[in-house]
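Look through the sequence and the structure first, then read the points below.

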Amino acid sequence: MPPGGEIRNRKLICLAGFMGSGKTTVGQLLARQMGWHFVDLDTAIEERAGLNIPAIFERLGEPGFRELEHEALLRTLGEAAGRQRPTVVALGGGTFAQPQSFAVLRSPGCAVIWLHCPVEDLLARCAVITNRPLFRDEASFRKLYEQRLPFYEQADYRVDATAEPRRVVEQILTMEDFEKVNA
Ligand code: S3P
């Protein structure tokens, strides 16, 4: 297999990682560079609901949001399966840590890449963006990060997402700096 061959041959790549890890930016760049289809799961949820994420949390609470998220995931994966071009999906920060969605994402044919970033970096990034309902304060942010780590650690691959997005895409495509999480 040539370097990067494994990932280039995938039909479905899902980017997981905590809030602020750069899933959307990296996913868009990766898709643009490779001519792949791109789906941002949060955007898919918003379009379907006709509401933005904060409004969904306000009206339905987190459990309601998680239901919409799971439905959007199933729809997205189904559409990806019917597409010729590979699809890259930027998940929401919590998607891979929801047992129902986790089970779907661990099914064969789906490569999950964890955009790994220390919590300090994530805090700094998220502090300047205010539209995340689950970013309340530093203590709860750190706690949620710790709770989700065991899920992210079950991704297929991990990349260093402290690098700039262009470099993260390079890591994904070259495989060299790419760690197989469960190798
Ligand atoms: C969430 C992260 C958000 C969005 C929602 C819930 C989470 O996505 O799905 O606010 O549970 O961490 P980003 O990671 O893209 O901010």
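S101 counts as buried, because its relative accessibility is 1% and buried means under 20%. This is a predicted model.

**S101 and its partner**

- S101 is part of helix α5, which covers residues 99–105.
- The side chain of S101 makes a polar contact with the side chain of H70. The distance of that contact is 3.0 Å.

**Where the ligand sits**

- Which pocket holds the ligand? The ligand sits in the largest pocket.
- There are 13 residues around the ligand. Those that come nearest are K23, D42, R66, R132 and R148.
- How do the residues of the shell divide by class? Five are nonpolar, three are polar and five are charged.
- Helix α4 spans residues 53–81 and gives the most to this shell. The contribution of helix α4 is three residues.

- D42 has a polar side-chain atom 2.7 Å from an oxygen atom of the ligand.
- For R66, a polar side-chain atom lies 2.6 Å from a ligand oxygen atom.
- R148 has an N or O atom in its side chain that is 2.7 Å from an oxygen atom of the ligand.
- How much of the ligand does the protein bury? Taken alone, the ligand exposes 380 Å², and the protein buries 94% of that.

- R66 lies in helix α4. R59 has its place in helix α4.
- Is R66 buried or exposed? R66 has a relative accessible area of 12%, so it is buried. The cut-off for buried is under 20%.
- Is R59 buried or exposed? R59 has a relative accessibility of 62%, so it counts as exposed. The cut-off for exposed is over 50%.
- R66 and T95 are 29 residues apart along the chain. Their C-alpha atoms are separated by 8.1 Å.
- R59 and L122 are 63 residues apart in sequence. From C-alpha to C-alpha, R59 and L122 are 27 Å apart in space.

**Two buried loop residues**

- Where is G20? G20 lies in the loop between β1 (12–16) and α2 (23–34).
- G20 is buried, because its relative accessible area is 13% and the buried class is under 20%.
- G20 and L115 are 95 residues apart along the chain. The separation of their C-alpha atoms is 9.7 Å.
- Where is A155? A155 is found in the loop between α7 (138–152) and β5 (157–160).
- A155 counts as buried, because its relative accessibility is 0%.
- A155 and P63 are 92 residues apart along the chain. Their C-alpha atoms are separated by 24 Å.

**To recap**

- R66 lies in helix α4, is buried, and is among the residues that come nearest to the ligand.
- S101 lies in helix α5, is buried, and joins H70 through a polar contact between side chains.

Methods
Residues numbered from 1 in each chain as written. Predicted model: local features only at pLDDT ≥ 70, side-chain atom pairs only at ≥ 80, totals over all residues. Heavy atoms only, no water. Near = heavy atom within 4 Å. Polar contact = N/O pair within 3.5 Å; in protein donor to acceptor, adjacent residues only side chain to side chain. Areas by Shrake-Rupley, 256 points an atom, 1.4 Å probe, with all protein chains shown as cover. 1 Å grid on protein atoms, 1.4 Å probe; cavity = no way out; pocket = protein on both sides within 12 Å on 5 of 7 lines; lining within 4 Å. Sits in = over half its atoms within 2 Å of the grid points. Helix = DSSP H or I, 4+ residues; strand = E, 2+ residues; numbered from the N terminus. Nonpolar A, V, L, I, M, F, W, Y, C, P; charged D, E, K, R; others polar. Buried < 20%, exposed > 50% of the residue type's maximum accessible area, 1.4 Å probe, protein only.
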